[in-house]
Amino acid sequence: QVQLVESGGGSVQAGGSLSVSCVASGGTYSSACMAWFRQAPEKGREGIAYRGSDGSTFYADSVKGRFTISVDNAKNTLYLQMNSLKPEDSAMYYCAVKGGTCYPQASAAFPYWGQGTQVTVSS
C-alpha cells in the first residue's frame, strides 16, 4: 500500500520561506500524479500545486509565483518550496498521489494521502 509522510512544517513570519517534503513508499510512482493540498480550519482541502508524470506542473492562482513543486524520482520525494509566505497560507499541508490525469483534480480524486504537516505564518 502507498504510504506518504510529510515533514518540514513549522512557524514562520510573513514574507519568510519554508520547504516541506513528502516521502512516498510502497508503490511505483513513475506514472503518478503528485500534488500538494492544504486545509485551513473549517475549510475544504485546496489543491495548490500539481506535478504530472511528464513533469508538467500546475499551480493555483493563490500560490502561483510564490510556491514551487518538484520531485526527486530517485528518492520518491515530493517537495514544495514556499516563498513570500502570507498569513493566509497558514494551513495543514498534505501531499497526495493518484494515477491518471493530474489537473484539474479535486481532493476526492486522490486515493493516497499523507497525514499532513502544519504551516503557520504569523503577521
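Phe110 has a relative accessible area of 3% and is therefore buried, a term that means under 20% relative accessible area, with exposed meaning over 50% and partly exposed in between (1.4 Å probe, protein chains only). The model is predicted, so local features need pLDDT of at least 70 and side-chain atom pairs count only at pLDDT 80 or more, whereas totals for chains, interfaces and linings use all residues. Residues are numbered from 1 along each chain as its sequence is written, and side-chain values use heavy atoms, with hydrogens and water left out.

The structure holds 8 aromatic pairs, where rings of Phe, Tyr and Trp (its six-membered ring) pair if their centres lie within 6.5 Å, and planes under 30 degrees apart count as stacked, over 60 as edge-to-face and the rest as tilted. One of them joins Phe37 and Phe110 edge-to-face, at 5.1 Å centre to centre with 75° between the planes. This pair links distant parts of the chain, 73 residues apart, with Phe37 in strand β4 (residues 33–39) and Phe110 in the loop between β9 (91–98) and β10 (112–113); strands are DSSP runs (E, at least two residues), numbered from the N terminus. Phe37, at 1% relative accessibility, also counts as buried.

Tyr94 and Trp113 form another edge-to-face pair, at 6.3 Å centre to centre and 80° between the planes. Because Tyr94 lies in strand β9 and Trp113 in strand β10, the pair ties together parts that are 19 residues apart in sequence. Tyr94 counts as buried at 11% relative accessibility, while Trp113, at 25%, counts as partly exposed. Ring pairs link Phe37, Tyr50, Phe58, Tyr94, Tyr103, Phe110 and Trp113 into a cluster.

Conventions: Helix = DSSP H or I, 4+ residues; strand = E, 2+ residues; numbered from the N terminus.
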